[in-house]
Amino acid sequence: MRSIGRDGTVVLERPEDYDDDLAVAVQATQLDVSRSMATRIVAEWCDFFRIGPSQIRELEFTSRTPKRLFAALEGQTQLQSLITKWGDYDDLAPLGGMRSLETLELHSAPALIDLNPIADIPSLRSLVLIGTFRVHDYSPIGAFKRLEYLAVHPGTERGKSTTPNLEFLTELPMLRDLSFGVEPDDRDWSPILRLQHVDRIHIAGPTDMRPTMLDLEWAVPGVAMAITEQHDWDESHHWVEDHPSDESP
């Protein structure tokens with residue numbers, strides 16, 4: 001089945017519907033089909049991706065991405081953008097050969113542990129990691145010298161999500177927008193002070209963090225900008241709640 005999504009992206013359920021599109025959204029799982037057909041559809045996509053580079057430049061998986069399907073992406077070295085909604089994959093090695101990849105978004109990847117397999121991708125400009133709570137070392141991100149946008153919000157299975165330290169953030173000279181929900185094991189937030197070139201910095205920490213959030217707000221323009229924007233957003237929504245429209249429904 002071939003359809004067009006709300007944003008105009010081509011949505012495919014089976015590879016036979018692919019027509020040399022440059023941007024596609026694939027729904028290979030969670031379909032209203034029999035179990036045998038579901039297995040067959042995933043196998044078809046695995047064969048399609050494994051055979052080698054296609055014309056696809058932007059690929060999004062809009063349903064669960066099973067481990068074997070993610071592994072088959074090794075053949076898609078031409079990709080410039082890859083987005084997954086969720087999946088049980090635990091190895092990023094299939095992405096290592098994607099030398100043109102600029103955008104990578106991994107949502108709800110609870111089995112993922114190691115980011116090192118993608119550290120050699122030179123072209124990455126935007127990285128989003130959501131629901132990666134088993135990753136306990138985010139320092140490989142420091143290798144992405146062209147990175148402009150970084151959002152890391154791993155959630156948690158129990159307790160807090162942590163990384164050894166935040167030094168790797170200072171190794172990103174082109175970073176402009178940072179949203180980081182991980183606390184450093186060394187309890188040192190001072191590397192944020194060196195992110196003077198970053199336009200917007202969203203971070204959260206405990207009340208006893210050092211430097212304090214107030215210290216960072218005063219010293220780092222990007223932190224001040226993010227706090228101001230959040231305050232403005234909160235104020236505007238409180239106003240709407242306190243001043244409901246007088247118009248009849």
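**Chat: salt bridges, a sheet and a helix**

Q: Is aspartate 21 buried or exposed?
A: Aspartate 21 is buried, with a relative accessible area of 13%. The cut-off for buried is under 20%. Keep in mind that this is a predicted model.

Q: Which side chain does aspartate 21 meet in a salt bridge?
A: That of arginine 2, at 2.7 Å from N to O. Aspartate 21 sits in the loop between β2 and β3, and arginine 2 sits in strand β1, so the pair ties together parts 19 residues apart in sequence.

Q: How accessible is arginine 2?
A: Arginine 2 has 37% relative accessibility, so arginine 2 counts as partly exposed.

Q: How many salt bridges does the structure hold?
A: Ten. One of them joins the side chains of arginine 125 and glutamate 148, at 3.0 Å from N to O.

Q: Where do arginine 125 and glutamate 148 lie?
A: Both are in loops. Arginine 125 is in the loop between β6 and β7 (126–130), and glutamate 148 is in the loop between β7 and β8 (149–153). The pair therefore ties together parts that are 23 residues apart in sequence. Arginine 125 is partly exposed at 29%. Glutamate 148 is partly exposed too, at 31%.

Q: What does arginine 200 meet in a salt bridge?
A: The side chain of glutamate 229, at 2.7 Å from N to O. This pair links distant parts of the chain: arginine 200 is in strand β12, and glutamate 229 is in helix α4 (residues 221–242), 29 residues apart. Salt bridges that share partners also make one network out of Arg14, Arg40 and Glu44.

Q: New topic. What order do the strands of the open sheet have?
A: The sheet has ten strands, in the order β1-β2-β3-β4-β5-β6-β7-β8-β10-β12, and its pairing is mixed. The edge strands are β1 (2–4) and β12 (200–203), and each of them pairs on one side only. On average, neighbouring strands are turned by 10° against each other, direction ignored.

Q: How many bridges join β5 to β6?
A: Four bridges join β5 (residues 81–87) to β6 (residues 103–107), and the two strands run parallel. Serine 81 stands opposite threonine 103 in β6.

Q: Which residues of α1 are buried?
A: Ile41, Val42, Glu44, Trp45, Cys46, Phe48 and Phe49.

Q: What covers the buried residues of α1?
A: The cover includes β2 (10–12), β3 (23–26), β4 (58–65) and α2 (67–71).

Q: Where is serine 54 found?
A: Serine 54 is in the loop between α1 and β4. At 13% relative accessibility, serine 54 counts as buried.

Q: What does serine 54 contact, leaving aside its neighbours within four places in sequence?
A: Phe48, Gln76 and Gln78. With glutamine 78 there is a polar contact of 3.4 Å between the side chains. A polar atom of the serine 54 side chain also lies 3.2 Å from the backbone nitrogen of isoleucine 56.

Note on methods:
Residues are numbered from 1 along each chain as its sequence is written. This is a predicted model: local features need pLDDT of at least 70, side-chain atom pairs count only at pLDDT 80 or more; totals for chains, interfaces and linings use all residues. Side-chain values use heavy atoms; hydrogens and water are left out. Buried means under 20% relative accessible area, exposed over 50%, partly exposed in between (1.4 Å probe, protein chains only). Contact means heavy atoms within 4.5 Å. Two strands pair if DSSP finds at least two bridges between them. Axes are lines fitted to C-alpha atoms, for helices over the stretch in contact, and angles run from 0 to 180 degrees between N-to-C directions. A salt bridge is a side-chain nitrogen of Lys or Arg within 4 Å of a carboxyl oxygen of Asp or Glu. A polar contact is a pair of N or O atoms within 3.5 Å; within protein, one must be able to donate a hydrogen and the other to accept it, and residues adjacent in sequence count only if both atoms are side-chain atoms.
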